Each structure stands twice: as structure tokens, then as C-alpha cells.
Amino acid sequence: MSLIVRTLSEQIFDILKEKIVGGQLSSEQPIRQDALAAELGVSKIPLREALARLEQEGLLYSQANRGFFVRMMTSAEAEEIYALRLAIEPAAVGMASVAANQEERDLAVEALKALDEAANHNLELVTARNRDFHMALIRPCRRELTVQLIGRLQTQAERYTYKHLEPAGRGDRAHLEHTVMLKAWLSRNAQRAEELAAAHITGTLEDLRRQFEVN
């Protein structure tokens, strides 16, 4: 078992991403780096590194002489993110279901347990654990570029996942869909796993469309 050492910049990245996903950083005002550095008790150098990475991940954008801003959530962005996920993610899930070794299968089971634990006891962790679960179903496909692309899309989708889960009952439905998907994946039924992944992503997008129409 290897020890994973995370840099200060990586830790700040995770903290800020959680703030962005939870809507704690406004998209209307530039991020106040002095205040944020003081709040986190860090210097500006690792903070800027984290902000630059968040921009690369598509969660922030920068303007000359004004600094970093949180990207606004829009229906157009949701359409693009989920269309791209639909184009590549279901097939990757299907391939991974066949290619996964026992360790990777165990990791997928543990990832769903961790997601359920977060849903029951720590809602702030749900979107991150949701991403972990989906990536656990994808990594065994053995296609490095595909995994990287889906990983970035999953990061950009986290805010939309958070928004999607706001209405009552959505969490229960997501749990059922995840459970059925994992069962097909573990049985190495690639076609069924792919179909369920596509239906899951499509259902989330359709819910988001209705939410954006109301708002």
C-alpha cells in the first residue's frame, strides 16, 4: 500500500472546488485572494496554483487586472457537458465491466458504499463521492485518454449534480439507478451496463432542463 502525499495546492484545490460546488463562492464578484488566503491560512502562491488549476478544469475563468471568477451555471453548459458524457461515458462503462479485475471490482463496490454513507450522513461529500463512483466504473476500461476526458467532465458536472439532487426524492432515485448499474457492471453484462449508464446520464440532463426552465 503506497502513501499518497498531497501538496498544499492540491488540498486548497479540493477545498475551493467544494466551495464552488456548494455555491459558497459567488459568480458575480471576483474572488478576493487576500481574504481567501487569510481564511485558509495559506500564502498566495499555493492559492494561485489552485485557482489556475480550477480554471483549467473549467470551474473558474480569469480576466486581466480583475482576477478569477466562478463560471456561471447555465443550461447551455449543462447540455454540452452531458452530451459529451453521453458520447463517451456509457461505452467506457461497458468496456470497463468486462476488463475490470477483482481489485477494481471491489473498489467499485466500496465506492458505492462510500457514496451511500455520504448521502446518509454527510451531504457535503455527496457530489465528490458520486464522481468517485462513476470513475470507478470507468477506469478499468484501460483507455487513458478516455478516462482523463471523462474525469474532467465529471469535475465540471459536480455543480450540476448538486443542483440536480436538490429536489426531494432525487437522492433515492439516484441510489436505485447506481445500484442497478453496479449490479450489471459486476456481472460483466457490458451492453446492459452501457444502457443503464446512458439512461442515468440522460435522466439527470432531463431533470436539469426542467430545473433551468423553472428558474
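The following legends describe close-up views of a predicted model. Local features need pLDDT of at least 70 and side-chain atom pairs count only at pLDDT 80 or more, whereas totals for chains, interfaces and linings use all residues. Residues are numbered from 1 along each chain as its sequence is written, and side-chain values use heavy atoms, with hydrogens and water left out.

View A. Helices are DSSP runs of H or I with at least four residues, numbered from the N terminus. R85 has 5% relative accessibility and therefore counts as buried (under 20% relative accessible area; exposed is over 50% and partly exposed in between, with a 1.4 Å probe and protein chains only). Leaving aside residues up to four places away in sequence, R85 touches P90, H134, L153, Q154, A157 and I201 (heavy atoms within 4.5 Å).

**View B. Stacked rings of Y61 and F69.** The structure holds 2 aromatic pairs (Phe, Tyr or Trp rings, the six-membered one for Trp, with centres within 6.5 Å; planes under 30 degrees apart are stacked, over 60 edge-to-face and the rest tilted). In this pair the ring centres are 5.3 Å apart and the planes lie at 15°. Y61 is partly exposed at 29% relative accessibility, whereas F69 is buried at 3%.

**View C. Tilted rings of Y160 and F212.** The ring centres are 6.3 Å apart, with planes at 45°. Y160 belongs to helix α7 and F212 to helix α9, 52 residues apart. Y160 is buried, with a relative accessible area of 0%. K163 lies over the face of F212, at 5.0 Å from the ring centre (NZ of Lys or CZ of Arg within 6 Å of the ring centre and within 35 degrees of the ring normal).

Key:
Helices (H or I, at least four residues) and strands (E, at least two) are DSSP runs, numbered from the N terminus.
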